[in-house]
Amino acid sequence: MKIVLLGPPGAGKGTQAKSISNRYSIPHISTGDIFRKNIAENTPLGIEAKKHIDKGHLVPDDLTIDIVKDRLKKEDCDKGYLLDGFPRTAMQAEALECFLNSRGEKLNTALLIDVPRGFILERMTGRRVCPACGASYHIKFNPPTIDGRCDICGTDIIQRKDDVESTVSERLDVYDKQTEPLINYYKSEGLLTIVDGTKAINVVFEEICNILGSNKNDNY
Ligand code: AP5
Ligand code: MG
Ligand code: ZN
């Protein structure tokens, strides 16, 4: 199963992606997580990506597209994958389509987690993330069992640098201009499915499973 997850910053893409990836046994590929890992390791890619991410801007297309293509060629993607945060521009969507066409493959769905802007700021400013495993928490809506510690790996959770209010508003503007148009693109391709992302995390996940189907070995 090959899925693209669409939705504004803070919609819950990362939160749902972890559950979908477990449920359907497909790798969760988050370009944001790949960049943050490289930033933490101070690699050349990380140094370049940081310049853009800290301002709330997108990392340049050519760099991002090459990284995703390399990742999708890995063996664990043979049975499918879940793309979280990619594509984010028309050029990225075209590159993904070309990549799939060249391999005789097709996307199964572009799943939009629909959350109006009014919900986003509270979600983003209350978010805490695990720098080790990428798990995402919220101080009010999804707190870890032990205050300040990741449930999965025990690492101290932190606030993302780009989750301060000024950067969040820039990221939302970038989303409106560059990423939201992809909703119509996938709609015209007949691939768009929509889930109401304002409901509780477990309810959103149930609805996603209803959309994707109950058979986890389903290779449709
Ligand atoms: P990225 O890491 O992808 O950030 P984003 O798209 O801005 O999305 P977020 O990760 O902020 O939100 P999310 O939808 O994953 O929400 P989450 O599940 O955490 O990208 C970061 C940066 O990297 C970009 O700004 C850009 O610079 C660069 N980049 C990445 N990809 C790129 C690309 N393709 N091209 C160019 N540049 C790229 O949830 C948010 C909070 O809400 C959490 O606290 C969570 O616990 C809570 N929450 C989740 N669901 C619910 C719910 N149903 N109810 C209540 N609270 C909820
Ligand atoms: Mg995310
Ligand atoms: Zn962790």
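The legends below describe close-up views of a predicted model. Residues are numbered from 1 along each chain as its sequence is written, and chains are lettered from A and ligands numbered from 1 in the order in which they are written. Local features need pLDDT of at least 70, side-chain atom pairs count only at pLDDT 80 or more, and totals for chains, interfaces and linings use all residues, while side-chain values use heavy atoms, with hydrogens and water left out.

**View 1. The shell around ligand 1.**
There are 36 residues around ligand 1, and Thr15, His57, Arg88, Arg127 and Tyr137 come nearest. A residue is near a molecule or strand if one of its heavy atoms lies within 4 Å of it. The shell divides into 13 nonpolar, 14 polar and nine charged residues. Here Ala, Val, Leu, Ile, Met, Phe, Trp, Tyr, Cys and Pro count as nonpolar, Asp, Glu, Lys and Arg as charged, and the others, Gly among them, as polar.

A side-chain N or O atom of Gln92 is 2.9 Å from a nitrogen atom of ligand 1. For Arg160, a side-chain N or O atom is 3.1 Å from an oxygen atom of the ligand; for Arg171, the distance to an oxygen atom of the ligand is 2.6 Å. Taken alone, ligand 1 exposes 1,000 Å², and the protein buries 96% of that. Accessible areas come from the Shrake-Rupley method with a 1.4 Å probe; for residues, only the protein chains shown count as cover. Helix H1 (13-24), helix H2 (31-40), helix H6 (117-125) and strand S6 (136-138) are the elements that give two or more residues to the shell. Of these, H2 gives the most, with four residues. Helices (H or I, at least four residues) and strands (E, at least two) are DSSP runs, numbered from the N terminus.

**View 2. The open sheet.**
Five strands lie in the order S2-S3-S1-S4-S7, with parallel pairing. Strand S2 (28-30) and strand S7 (192-196) stand at the edges with a single partner strand each, so one side of each has no neighbour in the sheet. Strand S4 (residues 109-114) pairs with S7 over five bridges, and Leu111 stands opposite Thr193 in S7. Two strands pair if DSSP finds at least two bridges between them.

An unreviewed UniProt entry places the feature "domain: Adenylate kinase active site lid" at residues 127-162. Over residues 127-162 the chain is 0% helix and 17% strand, and the end C-alpha atoms are 11 Å apart. The unreviewed entry's annotation "binding site" covers Cys130, Cys133, Cys150 and Cys153. UniProt positions are given in the numbering used here, feature names are shortened, and annotations may be inferred rather than shown by experiment.

**View 3. Backbone details in two loops.**
A cis peptide bond joins Phe86 and Pro87, with omega about 0°. Pro87 is in the loop between strand S3 (81-84) and helix H5 (90-102). Ser25 lies in the loop between H1 and S2.

Notes. Polar contact = N/O pair within 3.5 Å; in protein donor to acceptor, adjacent residues only side chain to side chain.
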